[in-house]
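Please look over the model below with its sequence at hand, and follow the account from one part of the chain to the next.

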Amino acid sequence: MKRVLIVGAGKGGTALLKLLNEIDRMQIVAVTDINPGAAGLSIAKSYGIPTDRNWKDWIHKDIDIIIEATGEEEVFNAIRETRHRSTVVIPGSVAYVTAELLEEKESLVQELKQQAENQHLILNSIHDGMIVITEEGKVSFLNRSAERILSRKRSSMIGEPINEIIPASRLPQILTSRKKEVNQKLELDNGKKVITTRIPMIGQDQKVIGAYAVFKDITEVVNLAEEITDLKEVKTMLEAIIHSSDEAISVVDENGSGLMINPAYTRITGLSESEIVGEPATVDISEGESMHMKVLRTRRPVRGVRMKVGPSKKDVLVNVAPVIVDGKLKGSVGVLHDVSEIQSLTSELKRARQIIRSLEAKYTFDDIIGDSPEMTLALEQAKVGARTPATVLLRGESGTGKELFAHAIHNESKRRHNKFIRVNCAAIAESLLESELFGYEEGAFSGAKRGGKKGLFEEGNYGSIFLDEIGELTLPMQAKLLRVLQENEIMRVGGTKPVHVDVRVIAATNINLEKAIMNKKFREDLYYRLNRLPIYIPPLRERRGDVHLLTEHLIQKLNEDYGRHVISVNDQAFQQLKDYDWPGNVRELENIIGRAMIYMENVEDTILPGHLPHLKKAATDAANQEKDTPWLGETLQQAVDEYEKKLLADAYRSHNYNKTQTAKALGISIRNLYYKLEKYHLDKNSMQNFS
């Protein structure tokens, strides 16, 4: 059973909700819409289906199909970026086409039922007078009731101008105006007062071919005028709907003989009106039973019957309903739906699903925001790395965008058409990590699959594998990874033969690997294998010039996610953002902007300082600026050494004696920092005692 999430509870979403709710193989897990008053939400609740305003709360809950029914391209793109790689996203255009087709189908069935009732009433009103004139204004037909009401013989009126028979008749004006006149009073020469309705007759080429009038004694009109008026309007509307419908419609009488078809019927079946009207209802069927005949036998409607019709054996779905008037069966109406387009769409969706599964690397270098010198350097290094097969090590604090860089490097490389496998080394239990990375043989352990299982390195063969949090690997796993990097081969759990793999490794970490090596928590040989192309991604506090670009980008993104219309950030509020240290980096910036937008009123479009939480201003050394001091006679080198020693001590102390943070803050390597601390005899114990 397929689990379906419907995003959007408007017209399209409501139609699909009703349709899919009747399909046993589909389970609608939720219906979401940002508008709590959307019609589809109340219908979903009546079905016992959960509703929500935010589709993101449901998108990762084992969803097979997401139907985007809002019709907004931004929502569609956001869903595609957020959804699980195995989830199919159906665009909003499919929802609206389906809604229109369903609405038109139901309308046609209802209108055809009403037409059958109208025809019955018209036949029962045959005692009304009727006169038909040609386009020249001469009488071509009149019924017996017209003879009675006009008190003249039919033979004396056929072929005569209408104004000689009824001087006050307005039928000639109807030929010119092409507009009907309903329930008009008219006094005849014999003294009778009638109510007449005049209607032009327009052919398929939109030319006027005549006009006719239906008239009654005023006493009868008083009782029936409103009813007849409604019937005529409905009849005209039904004819227009039937002839303009894209679905094939056919009508048969109680004996199963064809009465009427529309142009769409001819287009789908390839059969003309002369081949259907007056012929048995079975004449159009290539494969299957006539549903018209079945409905005439059972007097019960049928829906969704699959059959083939016409010489070309067109595949259609058929709905047929009986026409019953006053308890008597008068015929049946059938509506045919061409399913070839639906089949084509299904095939396209299947192909799209296969393509989407392989497009796992979602981001490119264009998605990385920043033009500061620090970020520009990192991007240039990453682009160089993308053009080479070398192992890449992405270093930087949490939230700086290491995964975006990994995606972009893969998409820019020659391996972009192959798989991109993502592995969070810290998120997988140590007992499972080896089998996940390298696979296992049959019987390797209890619960192992029959035939064994490929590992992620084999799955990513000829592609790239992104090992995030590489510093969290245990030493035994580090040794196995080192073999992959050195020999390009892996050993499955329980296996005896190595398996060759050709996969490009992109690793990332936010810990100090050099310190981990000193603490015996990371292998030095693996470090040198990974560190062939290190790329340092600077934290946000080191590229404050990018805060403006990032803020604009995040506002645009969050507007789409939250359905807001925020335009900008107030200058004072932006200054607060720029002065903040951002220990959580871009991830924290997105959190702050998103929180501010959530608490803004709907009418507000500018983020003000009051919308932001309290942000501690970045420490500045303005108050510690050195004052002018006289020269004490030391050499330049002595002065430089003294200043360097003081600067190192201050930086070391201000970072709580953390060498990694101190080195980053000073912009030097960790090895260079160790050298300088030893040179000036600076260590934690001596500095604490000194202070």
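Which side chain meets that of D502 in a salt bridge? The partner is R415, at 2.8 Å from N to O, where a salt bridge is a side-chain nitrogen of Lys or Arg within 4 Å of a carboxyl oxygen of Asp or Glu. This is a predicted model, in which local features need pLDDT of at least 70 and side-chain atom pairs count only at pLDDT 80 or more, while totals for chains, interfaces and linings use all residues. Residues are numbered from 1 along each chain as its sequence is written, and side-chain values use heavy atoms, with hydrogens and water left out.

D502 lies in the loop between β21 (499–500) and β22, and R415 in the loop between α14 (402–412) and β18, so this pair ties together parts that are 87 residues apart in sequence; helices (H or I, at least four residues) and strands (E, at least two) are DSSP runs, numbered from the N terminus. D502 is partly exposed at 31% relative accessibility, whereas R415, with a relative accessible area of 16%, is buried; buried means under 20% relative accessible area, exposed over 50%, and partly exposed in between, with a 1.4 Å probe and protein chains only.

The strands named here lead on to β19 (residues 464–468), of whose five residues five are buried. In a regular strand the side chains alternate between the two faces of the sheet. In β19 both faces are covered, with S464, F466 and D468 buried on one side and I465 and L467 buried on the other. Strand β18 (residues 420–424) pairs with β19 in the parallel sense over five bridges, where strands pair if DSSP finds at least two bridges between them, and R422 has F466 as its bridge partner in β19. β19 also pairs in the parallel sense with strand β22 (residues 504–509), over four bridges, and there I465 has V505 as its bridge partner.

Helix α15 (residues 430–438) and helix α17 (residues 475–487) have axes that come within 11 Å and cross at roughly 10 degrees, the axes being lines fitted to C-alpha atoms over the stretch in contact, with angles from 0 to 180 degrees between N-to-C directions. That makes α15 roughly parallel to α17, since angles under 35 degrees count as roughly parallel, over 145 as roughly antiparallel, 65 to 115 as roughly perpendicular and the rest as oblique. The contact (heavy atoms within 4.5 Å) is made by L433, E434, L437 and F438 of α15 together with M477, K480, L481 and V484 of α17.

The search of the whole structure finds 26 salt bridges, and one of them joins K56 to D561, with the closest N and O atoms 3.0 Å apart. Because K56 lies in the loop between β3 and β4 (65–68) and D561 in helix α20 (residues 547–562), the pair ties together parts that are 505 residues apart in sequence. K56 is partly exposed at 29% relative accessible area, whereas D561 is buried at 15%.
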